[in-house]
Amino acid sequence: MVEIDGIAKCYGKTKVFQNLSLKIEEPGIYCLLGRNGAGKTTLMKAIAGYLDVSEGNISIDGKRISKASMTTDVSYIENYAKHFNLPIGRLLKIAANVNEKYDEEAAKRMLERFELDSRKKYNQLSLGMKSMVSTIISLASCRSVILLDEPVLGFDVIMREEFYSMLEESFRDYPRTIIISTHIIEEIAKAVNGLIVLDEGRIKFFDTLQSVESKAYSVSGLRKDVEEATAGLRKIGEQDVGGLLSAYIFDNPPSPSEKLEIRKLSLQEFFIQLVRHKGGRK
Amino acid sequence: MSAINAVVKRILSSNRLSFIITFVVVLCAVSSKDSSVALSNGNYFWLASLFIPFFSVLYAVPRLLHLGAEKRDCYIGSLCSYCVIALVVSLLNTFVCLFIDSINKSQTVINLMNVCRWMENGVIIAFLQQAVFLLLLLMLFIHVMIELQYFWFGWLIDILLVAGLSVSMPIAPLRSMVASFFSIIMVNGNAIIQISSCLILSVLFAFISLVLIKRKAF
């Protein structure tokens, strides 16, 4: 269980997040979304114990996490992670030797699946392949919390598809908490169970993906009709175009009417409405 | 334990470059015979212990963490690798001091094991005195100094150390204090005092290193 209790993080006078709380109780694959600079990497690093928060606590399975933690059950892989310039097979072997929980067989299977040449040295790999090696090391680590920061960076579309199905298989083999940050929203939706949206230093949304599928709607029509139909519903945004109003809701949809156009929001549209700011204010 | 072994092996393998440099320097020293007085070739092995903390802190440990090693294992692994190197370097220099230096009849050979009066206590004690000194002064001290550079106060400590040494050299009482410090930890024929003072300082440096690694952002 990942428990984040009222954390704040400041870099000088800049506040990355303030009074941020989050409780992930169930194992699952969670997608961490947020605009550039929302604090996704900082949050992941804090959960991994790579940096300290200014206020609040982070605990994993009841054990408090900070930079002072000499052992954690977390695997964090950042993009551009540095590795020894050794053949990939050797790197994976070292990873197996330094981590007693490591599943060497699973790592080999993933390596074959991505057709990575185990004799090739790390520095000879492309950016996508380097990211893949880091991801394999992390997924095979079998830690109770896996944090993948932009794991599909540099992947082509085939690699991304492989990655998503590999992620699901890895989770089936070892159910645990996997948090992935990415900007490729629609693709990741196939693989994840939960969605965490970080915006302006706070958790704007944390729920299952099913809830987005069943509750995120856009209601369009004349302003009067839309306002009447969506009164009392949780609105996440609205857009006025030439007298026609589109209201974006996260709630049970209003009853169908000839005057209204009601349609489900895609995950990307839902995210955009959730974090869209105009002139710094929503 | 196997994780710590793997960390030690990796740190030592990552130091291939430092071993090569040391070996090249030793070779150069062996081939250079143009003065009447020469530093023993064995003393050049000390170079390896100078390099190892750099490769360990700046290169091997961050990469081992990315491979999934625990901070604890990296910390203990670093200390263990320093112990291994200290023992190996001490063994090599002791061997050179005993068997190789005497072969060179054309030059007066100075070995630091004699200068530091360690050989007065017999070979085994001298070997241990050298090992604890290398472990303490050359490796743990350098390790701590490198770790300190990640913090703002590390630079302050650098300045204070340089300023302190520069100021104390011209002032006789301060100079004698520095000299007596080195005569305890280094140039000391009394093995018990030398070894125990080196070990106490080693523990102190190891503790500082632990505090630093707990505060360091990776």
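This is a predicted model: local features need pLDDT of at least 70, side-chain atom pairs count only at pLDDT 80 or more; totals for chains, interfaces and linings use all residues.
**Figure 1. The open sheet of chain A has four strands.** Their order is β12-β13-β11-β14 (chain A), and the pairing is antiparallel. β12 (235-241) and β14 (261-264) of chain A are the edge strands, each pairing on one side only. From one strand to the next, the twist averages 15°.

**Figure 2. β12(A) pairs with β13(A).** Strand β13 of chain A covers residues 244-250. Six bridges join the two strands in the antiparallel sense. Glu238(A) has Ala247(A), in β13(A), as its bridge partner.

**Figure 3. Chain A meets chain B.** The contact draws 21 residues from chain A and 21 residues from chain B. On the side of chain A that touches chain B, helix α2 (residues 88-98) of chain A gives the most, with five residues. That side of chain A holds 12 nonpolar, six polar and three charged residues.

**Figure 4. Chain A as the setting for these views.** Nine helices and 14 strands make up the secondary structure of chain A. The radius of gyration of chain A is 21 Å, close to the 19 Å that the globule rule gives for 282 residues, so chain A is as compact as a globular protein of that length. Along the principal axes, its C-alpha atoms fill a box of roughly 65 × 40 × 30 Å. Of the 282 residues in chain A, 41% are buried. Among contacts in chain A with a separation of 6 or more, 68% join residues 24 or more positions apart.

Key. Residues are numbered from 1 along each chain as its sequence is written. Chains are lettered from A and ligands numbered from 1 in the order in which they are written. Two residues are in contact if their C-beta atoms, placed from the backbone, lie within 7 Å. Ala, Val, Leu, Ile, Met, Phe, Trp, Tyr, Cys and Pro count as nonpolar, Asp, Glu, Lys and Arg as charged, and the others, Gly among them, as polar. Two strands pair if DSSP finds at least two bridges between them. Axes are lines fitted to C-alpha atoms, for helices over the stretch in contact, and angles run from 0 to 180 degrees between N-to-C directions. The radius of gyration is taken over C-alpha atoms; the globule rule is 2.2 Å times the number of residues to the power 0.38. A residue is buried if 20 or more other C-beta atoms lie within 10 Å of its own, exposed if 12 or fewer, and partly exposed in between; C-beta atoms are placed from the backbone.
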